[in-house]
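Here's a quick tour of one chain, written for someone who likes to check the numbers. Have a look at the structure first, then read on.

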Amino acid sequence: MGDRVHIKMCWSRAFLAGWVLLLVLLQYLQAVPIGIDKTKVKETEEKPEEPPASVDTGLHYDRYLREVIDFLEKDQHFREKLHNTDMEDIKQGKLAQELDFVSHHVRTKLDELKRQEVNRLRTLIKAKQDLEGGNDIAVDHQALLKQFEHLNHMNPHTFEVEDLDRLIKSATNDLENFDKERHEEFKRYEMMKEHDRREHLKTLDEEQRKKEEEHYEEMRKKHADHPKVNHPGSQNQLKEVWEEADGLDPEDFDPKTFFNLHDTNGDGFFDEQELEALFTKELEKMYDPTNEEDDMVEMEEERLRMREHVMNEVDSNKDRLVSLDEFLVATKKKEFLEPDSWETLEQNQAYTDEEMREFEEHLVQQEHDLNQRAVDLQKQREELERQQEQLNAQKIELQQAVEHMERLKSEKVDPPPEVHIEGDAVPEVHAADNQLHPDQEAHLPGHHETPEHHQDIQQEHREQHNQGNQDLPQQGHPQAHHEEPPNQQEVAQGQHNLS
């Protein structure tokens, strides 16, 4: 809880400090800070200026804002115009018109700053598209840049009067809306805390639920039992700080001296951070980080409520700064001398019953959407797993087919070469009987066949075939006959005689 409170405090102070940085021009409109001689101020200006502290306003264009302000302050003409311009004129864009008269060096630098800012925004847009899975989608940077109102995106190359006007109005609007956004954030925090409490009660039996409800009421009463809280910014509240923090006699209270004591940076103004520091004693009456009943997030909300209240009552020109003159005027008002009682957070619930009902309905819808999304993702996962199994099966089949082809290739025997007979080439002899085929024999030169001779030849072939069949079982396997048959010479001689 302590870390969360610290983060929230740092976030708030970053916004407030950034506002002071944006409105540094207002320092030229007010009285010279107390205790500072004008001649010494001039001497200080002649000395080399130290780089300003890097104060983060919390705005997404914080660096661009600070760099533009820093360079404009370096232009003498622009600084002189600041002396004669009030905050209302600045908000209406009258100061922005003076940009046309700044030095060429400053304008060139502002052009460069704007180009860098446009490139930064385009990079952010592209990165967001990549994260959302839109790598293959063409990005229309000009259309997306419209959401950034602090510059003129239609002219990404030069810093013009419109750019300064946009920058001032955007920063003013964004920082002024900080309190509204902070209230909404705290409201959601309170509703979520109540929602979690109700959900916890649903998990308990009747007896446990009764004990939990009694404990809850006890903590509420204990938190509300605290000393009276003074009205923020009232005489009683400031006198208490004067006495307990400053160690001075409350009878000697002097508003001007009090202002000088608590203007910690000596700039002649109470900024929002300096005002919040004045309420520490009041907050300690209500909140103790060691107590179970005290919520430190609520303490910070109470602190900011007090600061907001004082600003609304004292800051007459609405520049979010309290000058000495504004402070002295406020100390003479009836609200300062005889204030109303201050209603604390426990007396002002942050949300209505209707808002709580809508909030819980929204949570139910969110839960339903998340569950549906989980179901869809599970289906997608199952479908991907099924497709992966199919791919694995196809891969195995392909591997088996490749292995089978390789095996067949390794076992295959090349067939004997074919013999082609052309012209008077010697015909092929059958390996089985080493004799010429009858058709081939008929085409031998000088051969004249008679019926009687043809019958003799067929008879010899049958006898040789029968003799071969009788030999096969004895040998166990067919053999090629390479020896010339005994009657081969007789057949040849008979052919000669017939011719």
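How many helices and strands are there in the chain? The count comes to 21 helices and two strands. Keep in mind that this is a predicted model.

Let's start with the whole chain. Of its 499 residues, 33% count as buried. As for contacts between residues at least 6 apart in sequence, 69% join residues that are at least 24 apart.

| Residue | Helix | Relative accessible area |
|---|---|---|
| Arg182 | H9 (residues 178-202) | 2% |
| Glu162 | H8 (residues 161-176) | 38% |

Is Arg182 buried or exposed? Arg182 is buried, because its relative accessible area of 2% falls under the 20% cut-off. Setting aside neighbours within four places in sequence, Arg182 is in contact with Glu301, Leu304 and Glu308.

Glu162 counts as partly exposed, because its 38% lies between the 20% and 50% limits. If you trace Glu162 back to Leu99, you cover 63 residues along the chain, yet their C-alpha atoms are separated by 9.6 Å.

Last stop, the surface. Which residues gather in a patch of negative charge there? They are Glu243, Glu244, Asp249, Glu251, Asp252 and Glu284. One of them, Asp252, belongs to the loop between helix H11 (235-244) and helix H12 (255-262).

Technical notes: Residues are numbered from 1 along each chain as its sequence is written. This is a predicted model: local features need pLDDT of at least 70, side-chain atom pairs count only at pLDDT 80 or more; totals for chains, interfaces and linings use all residues. Side-chain values use heavy atoms; hydrogens and water are left out. Helices (H or I, at least four residues) and strands (E, at least two) are DSSP runs, numbered from the N terminus. Buried means under 20% relative accessible area, exposed over 50%, partly exposed in between (1.4 Å probe, protein chains only). Contact means heavy atoms within 4.5 Å. Patches are made of residues with over 30% relative accessible area and no salt bridge: like charges are joined within 9 Å, nonpolar side chains (Val, Leu, Ile, Met, Phe, Trp, Tyr) within 5 Å. Accessible areas come from the Shrake-Rupley method with a 1.4 Å probe; for residues, only the protein chains shown count as cover. A salt bridge is a side-chain nitrogen of Lys or Arg within 4 Å of a carboxyl oxygen of Asp or Glu. Lys and Arg count as positive and Asp and Glu as negative; His and the chain ends are not counted. The place of a charge is taken as NZ of Lys, CZ of Arg, CG of Asp or CD of Glu.
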